[in-house]
Structure formats: structure tokens, C-alpha cells
Amino acid sequence: MAVRSRVVSRSRWVAVLGPVVAVLFVAGFVRYMLVDWPTIATDPAFFQHTGWYVLNGGVPYLDVWDVNPPVPFGIAAVLSLLSGGDMLVLHGLSSAFTTFVAAMSVLLVGWVAYLVTGEDAAAVAAGLTMLVVPELFLLSPEGVRAQFYALFFGVLALALALRDRPFLAGAIAALSAGSWQSGGVFALLVVGMAYQRNRRTGALWTIAGGGVVTGVVVLVFAAVGALVPMFVETVVATLSAGSSYTLAERVYSILLVFGYGSLLLPVALYGWAHAAVRDRWERWWITAGGVLLALQVLFVDLDGSTDALLWLAFVALGVAVTVEHVTTWWSATLERRGDNATRATRRRWTAVAVVAVVAALVLSGLVWHFGSPAPQSTLYAMQQDAEPEADPLPITPDDADVPSMQTIYWDQMKPETCHYRLSWNEVRWISMTDDRLDRRACDGWPSRTDHG
């Protein structure tokens, strides 16, 4: 009976958050199938085509230029293998699997919040905070995108670190970094968490887990002669060819991503401050992750809502810490005032009220996504006004004689050049290095890199 009681207690937050996650992600998937299927966006088309291309002789970074790390290509290759080479089946598998991964990421954030606070309300509030940005469940059905997998692996690594599984935490954190560069933040955090919990032994086991995954990737790409191109494209080009920005523009972009859910940002900031000041020896990593990924969205990369997803996880954890503090404080305040209700009842109703407020913001996210033209248009105008004036590039994606990414995907083409995705990062890199749009293979170090 005691074991059953503990299991029920630990699953209360799942019983509340699970159905909400299921309903929203299933609704997002069904909406995509009914409204947009089989339309495919450029990014999913690129990742899924590259996965198919790998099984048909293509080598990432040699035959395909891209700034993303290799894990999403590997995932797409596995899905392509399961599809039997049928691109429609591949797209269906990619849509279903990415939706599942995104949904599990929300539950993982709730689990991490529960492991940190021991509070059901905090876990539910953290999970609901993830849903304040509706693109999480509206874009995941579109197919493979790097950020969804970086989020999943990164939060799973945090959970494993909290459960004292340092080797697995390091290995999974390496997969997060291998999905998207900003996932490297999780790798740093789990090493620090392992050292905090088990000192040198824990940190070494975590590094060993990450080292095994990284070593396998390095050996594979070294064997096919793509190690140097991978480093150039995923590290050098990423740091050199990023888009210009202003701080004001990025702030407006954050407000556009969060919409009415921006009201939770100061709540998360309070949670980070509380973790840093009152409980820094146990929860320092929440504040550190929030700050590091805030720097990412403010100064490195925020071209759309998916670029904010990793930071969103730490916003959610900051909200969880705040909820824990508020429910405890409010319950104690009522007790001092002589309220006759039991302490458990006071805490329960306080938690219900807090969760209801966050749930209302989740619904407001849908309103923001599909409507609210006046506030959105104002922010868009302010964002455009804040954009820096830059010299026009000597080339544009239209200068390349390549089909659209959608045509390449559906026709299962093996492009004759390595430059066919032609993102703006790629075009800027070509301009900076005097590279050619018609290069057959991207196999070397650039002879010149113009940082000006």
C-alpha cells in the first residue's frame, strides 16, 4: 500500500499535464494533416532529403553544405530507411516522430521541475509554460527540425543528471549539442551537475559519456573525409556568417515569439534569481542555463520561434521555482493569519489558482498565433525599424540555378552542387569566402574569410 501511495503521489502532475499535452499535440497534428498535408516547409524538406541522400551515397558537409550539426541528418536517415525510400511515407514518419519528440519534451520539462521542487503544481506550471509558445505543437507536425531534437535530448540529459546517471546524461547531452549548437549549453550544465552531486567521479563519467558519442561522430566523418568540412560549416561559418542584428530587434523578436506569454518572463526571472541567491548550491544550473540561453536568443541566433525553444525550457523551470516559492509563502501567510483551513488545503487551492493562470496564458498563445493583429503588427513594425542597415550581398539565392527544396525533396534529386539549400547564412558565407555557387563538393578550408 505504501509503494502504491508513493507512485500515485508522484504521478499526480502527469495525470494533469499528460492529457493537456496529448490533446494539444494531437490537435496540432490533425490540423496539419487536414489543412496542410502533404505540403512541406523548406527546413523539414532539407533535413529529410539529406537523410534520404545519405542512404543513397550523399555525404553531409561534402555533398550538402549546412551549418547544422549531424544528428538530425542521422535521425532523418533512420526514418528514410524505415520508409523504404518513399518520400511521402518519409514525410509522414518524420511528422509523427517529431510531434512525439516535442510532446515528450514538454513532459520531460515537467519531470525535471518535479525532481527539482517535489511539487506537483510546479511541474504542471513548467509543462504549461512550454505550451505558451504554440509553435511547439503547431510546427512539430511539419517534420524534422534540429531544435526539437536538441530540446528533447537536452532536457532528458538534465533529468538523467538529477537521477544520478552521469554517463547517460553526458551521452544524451552530446546528442543535444550534435542536434543544434546551442544544445552545448546542456552538456556544460550536466558536467557541472554531476560534479556537484558526485564530485570528480561524476564529472568524469559525464565527460566520458559525451566523449563516446562525440568520438563516434568524429570517427565516422573522418572516415568519409568530411571532418574538416563539418568543422568549417558547423563552427567557423556559424560564427562568421550569422545575420546582423540590433539588441532592440532581438527583444522585439522575443516578444513576438512569446506573445501574451511574455508576462511569464519576469516570473521566470524571479525564479532564476531565487535559485541563484537562496539555493545556489542545488539549483545554480537553472539560473546558468537561463542566462546562457538568454544570451543565445539576444546575441547569437533568433530567426524564428523554434530558435527560442531551448531557452523556453529554462523559462519554464524558472516559473516552476517561483510557483514553489509562492505556494509555500502564501500557505504560510494564511496560517499566520489564523485561517482555519488545513495547511494542505491552502496549498492545494493556491496551486490550483497558479496553474489556472498559466493555463489561461496557454490559451492566449493560440489567440496570439492566429489573431491579435494590432499588438503583433505594432511589434513587427518596431522590429523592422530596429533592423540595422547592411550593405547588400553581391549574390542572392536566386542567382543559383537550382530547383526549390520542395522539388529536390519530392523528385528525390541528387543535386550537382553542394550549395542547393541556400539559406542566407550559406549565401553570406559564399560571399565572404569568394566561394562559388556551382561548387561540386564543399571539401576544403576557405582560402579567405572576410569578417568585415
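I began at the end of helix 8, which is followed by aspartate 164, a residue with a positive phi near 60°. I take helices as DSSP runs (H or I, at least four residues), numbered from the N terminus. This is a predicted model: local features need pLDDT of at least 70, side-chain atom pairs count only at pLDDT 80 or more, and totals for chains, interfaces and linings use all residues. Residues are numbered from 1 along each chain as its sequence is written, and side-chain values use heavy atoms, with hydrogens and water left out.

I then checked the span of helix 8 (residues 146–162). Its 17 residues reach 25 Å from first C-alpha to last, close to the 24 Å expected at 1.5 Å a residue. The expected span is 1.5 Å times one less than the number of residues. Helix 8 is mostly covered, with 17 of its 17 residues buried. Buried means under 20% relative accessible area (1.4 Å probe, protein chains only).

**Cavity**

A cavity is a set of points on a 1 Å grid over the protein atoms alone where a 1.4 Å probe fits but cannot get out; lining residues have an atom within 4 Å of a point. Points are joined across faces, edges and corners, and the volume is the space filled by probe spheres set on them. I found one cavity of 30 Å³ or more. The largest cavity has a volume of about 40 Å³. Asp164 is in its lining, and so are Arg165, Pro166 and Arg197, among others. Helix 9 (166–177) and helix 10 (184–223) each supply at least two lining residues. Helix 10 gives the largest share, five residues.

**Ring pairs**

I counted 19 aromatic pairs. Rings of Phe, Tyr and Trp (its six-membered ring) pair if their centres lie within 6.5 Å; planes under 30 degrees apart are stacked, over 60 edge-to-face, the rest tilted. Phenylalanine 46 and phenylalanine 73 are edge-to-face, 6.0 Å centre to centre with 80° between the planes. This pair links helix 3 (residues 42–55) to helix 4 (residues 71–83), 27 residues apart. Phenylalanine 46 and phenylalanine 73 are both buried. I also looked at tryptophan 272 and tryptophan 311: their centres are 6.3 Å apart and their planes at 55°, so the pair is tilted. Tryptophan 272 lies in helix 13 (residues 264–278) and tryptophan 311 in helix 15 (residues 309–336), 39 residues apart. I noted a cluster too, in which ring pairs link Phe46, Phe47, Tyr61, Phe73, Phe221 and Tyr420.

Definitions and conventions: Buried means under 20% relative accessible area, exposed over 50%, partly exposed in between (1.4 Å probe, protein chains only). On a 1 Å grid over the protein atoms alone, a cavity is a set of points where a 1.4 Å probe fits but cannot get out, and a pocket is an open set with protein on both sides within 12 Å along at least five of seven lines; lining residues have an atom within 4 Å of a point.
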